[in-house]
Amino acid sequence: MKKFIIGALITVVLLFACNYAYYHLGIYIDLHPDVPVTAFMTTDEDTIYMERDGETVPFEIRGVNMGVGLPGEWATDYAIDKETYLRWFGYIQEMGANTIRIYTILQDDFYNAFYEYNTARESAGEEPLWLIHGVWVNDYVQNSHRDAYDDDFRGTFLEDCRTVVDILHGKKSLVLAEGTGSGTYRKDVSQWVLGYILGIEWEDVTVVYTDRKYPERNQYQGTYLYTSPDASPFEAMLCEVGDKIIEYESERYKQQRLIAFSNWPTTDPFEYPDNITRFFMKCASVHVEHILSTDAFLSGQFASYHVYPYYPDYLNYMYRPVELEGTQPPMIQQRTVDESMRIEHYLPATYTDSSGRVNTYYTYLCALTNYHTMPVVISEYGVSTGRGMAQRDYNTNRNQGNMSEQEQGEAIIACYEDIMAAGCAGSCVFTWQDEWFKRTWNTMHAVDLDNTPYWSDYQTNEQYFGLLTFDPGEEQSVCYVDGDLSDWEGIEPVIEHDGLSVSMQYDEKFLYFRVHKPDYDPETDTIYLPIDLTPKTGSTYCENYNLTFERPCDFVIVLDGQENSRVMVQERYEVLHAMFLRETENIDAYLDPPDEDTPLFKDIRLMLQTATPLLTGNWEASAETYETGLLEYGNANPEDAEFNSLADFIFAGDDIEIRLPWQLLNFANPSEMKIHDDYYLHYGVEYIEIDEMYIGVSDGTNALERIPLEPFPLEGWGKKVTYHERLKESYYALQTYWTQTQ
């Protein structure tokens, strides 16, 4: 009996060891070394092909990028479940897309759902959904002291390539993976995988640092990929990674698929005029044309680029050349210019598209396709429906933010048409779903970055690139600014004064106001809503409108018709002044700060990332801003035929409905009711918690009377958010377009 128990234990240990070696460590024995390698995806110089029923036919990648965020969850929580994925796959394919792209290793729920969805599709005789899989490079590694040959960079990159291959073939187990999904991966989905995009948007300084540090490592010779004599050390590293992922999949699974290396304009292969190189610090290039393939690579390469119409849009400033004045930054030192890579050699004859309109987006895409000897895929493009805006496209008005859902749909379709007209082999819209956790450079100073998933920040455009959004409320939001006052039944006014009243509500995205004034005439009447938010500062007088208040106020909402309504902020509490006065006026804000009780109220503005000196010729020109406090009139109910997703207020007889995004009123984290503290006590943005705000109302007719204010309680909701899915208007626009052009 003892021998039996010992034998059984040894057997169990051996089975466990074999299982661990096979599924965790990737150790295997090739039992079929003579089985030929196959590839169902191939390429030529400009087209991607798929083998279907023994015939090779052109295949357009018509894709959508898919993130991993849900409201109330961080990306690294990987909280999306199988049922949600199955529902989303259906929506995506019904929209007319044929491909999804993911950036990194996800939970096993994704792959299980993908297998189940496609198996059901093929059993029904329907087209499956195809997949492009990414291999991520950790942002914290790339934005550190490490170069691309550091083990945390290159070593992890190579290891993750093997892991992705094993996952797609259903032969991997990951437990408590660091930074990626985890689970038991047993579904072989490889038959639906078109290829890999390796890496992310490369940091130019990482590329240059690597190239300067290892000049001797500029060549690589592999079984499947090798470098040309002109390759750089960074490109040699990419070549090795690409070769190794092909080698591993060829040897273990006898399959190959398409390979691409991520890129974007910041590290594109072109040389630009000196003024553009100076301003944008264009210091690095990644040439995938320096990565060549042997006959052993049966599939093919494509060039992958993330290209948006508004950034960096170098060509906009080539189209409008000016002579620069004033002190200019020095040219990047020790930089050799390759005259053969001047972008002028690859541009079309004019900067216009087929309609005769100046279109630098289309022109840039043409330069890419003219340069490359392999198919070009624009693997990211899109615009945001966020209320806040970070960058403008001066030629086609496809901006980064401050676009309605209808405008987003029109812009995506226009970008897609440019992509295809330029001769690209495919594209992937960015992105499928909105993601509350994200941040943007021109608002991140103003929010609590440790708690972004717990509220929907409409001022942060990066959160709203999706075709599917998440509105607050389990089934519907607490209020819709649409002129229907039924949302306000049972809501008592916070304040009543001189025949006017204000009621208030809030949710994870907005503060809502209902203003009532008998016989209200929006053409002639102006209404003022003073707000006291912070106990630290504020003014009892607003000299702009000659208003006085019983409490020191920080904001005034001015309701002055459809075109001239806005939110004003007291100068001491203006975050732009405190954080960006050097950029806007070349002045240090902390040398002579505004008085705590200054009576001056100012427009609320946001910074824009535009190359103002390249448009004006004056290097000391102030950075560009725009008035984000200006309110837009319209109907904000998604169920209404007149729906405008950017609408801030609407008239309804004797009433006005308003919704304001939390950040517009200097809330850094409304889930815990944290607001900005006094900037000039902390030399920047710090937070204080409040449990109430004060609101007043006046029509300005009694200028001698101090406007009273009453408290409105604020409780927050912590980390327990409510939301429901909604397909945006842009989804339906793209669905109509794509299904008609299949």
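Helix 7 is followed by lysine 254, whose phi is positive, near 60°. The model is a predicted one. Lysine 254 is not a glycine, yet its phi has this positive value. The residue sits in the loop between helix 7 and strand 12 (255-256). Its relative accessible area is 13%, under the 20% cut-off, so lysine 254 is buried.

Helix 7 itself covers residues 233-253. At 1.5 Å a residue, its 21 residues should span 30 Å, and the end C-alpha atoms are 30 Å apart, which agrees. Of those 21 residues, 19 are buried, so helix 7 is largely enclosed by the rest of the structure.

Asparagine 402 lies in the loop between strand 18 (400-401) and helix 11. It is partly exposed, with a relative accessible area of 28%.

| Cis peptide bond | Omega | Loop |
|---|---|---|
| tyrosine 311 to proline 312 | about -10° | proline 312: between strand 15 and helix 9 |
| phenylalanine 430 to threonine 431 | about 10° | threonine 431: between strand 19 (426-429) and strand 20 (468-472) |

Strand 15 and helix 9 also take part in the surroundings of helix 10. The buried residues of helix 10 pack against strand 15 (303-306), helix 9 (314-319), strand 16 (376-381) and helix 11 (405-421). Helix 10 is mostly covered, with 11 of its 12 residues buried. Among them are Tyr361, Tyr362, Tyr364, Leu365 and Cys366.

Another buried residue is lysine 728, with a relative accessible area of 0%. Its place is in the loop between strand 39 (723-727) and helix 15 (729-740). Beyond its neighbours within four places in sequence, lysine 728 is in contact with residues including Thr385, Glu405, Gln408, Asp434 and Tyr464.

Last, a helix pair. Helix 2 (residues 82-94) and helix 3 (residues 108-123) pack at about 50°, with their axes 9 Å apart. The two helices are therefore oblique to each other. Their crossing is right-handed. From helix 2, the residues in contact are Lys82, Tyr85, Leu86, Phe89, Gly90 and Gln93. They meet residues of helix 3, including Phe110, Ala113, Phe114, Tyr117 and Arg121. The residues of this contact divide into 7 nonpolar, 3 polar and 4 charged.

Technical notes:
Residues numbered from 1 in each chain as written. Predicted model: local features only at pLDDT ≥ 70, side-chain atom pairs only at ≥ 80, totals over all residues. Heavy atoms only, no water. Axes fitted to C-alpha atoms, helices over the stretch in contact; angles between N-to-C directions. Helix = DSSP H or I, 4+ residues; strand = E, 2+ residues; numbered from the N terminus. Parallel < 35°, antiparallel > 145°, perpendicular 65-115°, else oblique. Left-handed = near helix turned anticlockwise from the far one by under 90°. Contact = heavy atoms within 4.5 Å. Nonpolar A, V, L, I, M, F, W, Y, C, P; charged D, E, K, R; others polar. Buried < 20%, exposed > 50% of the residue type's maximum accessible area, 1.4 Å probe, protein only. Expected span 1.5 Å × (residues − 1).
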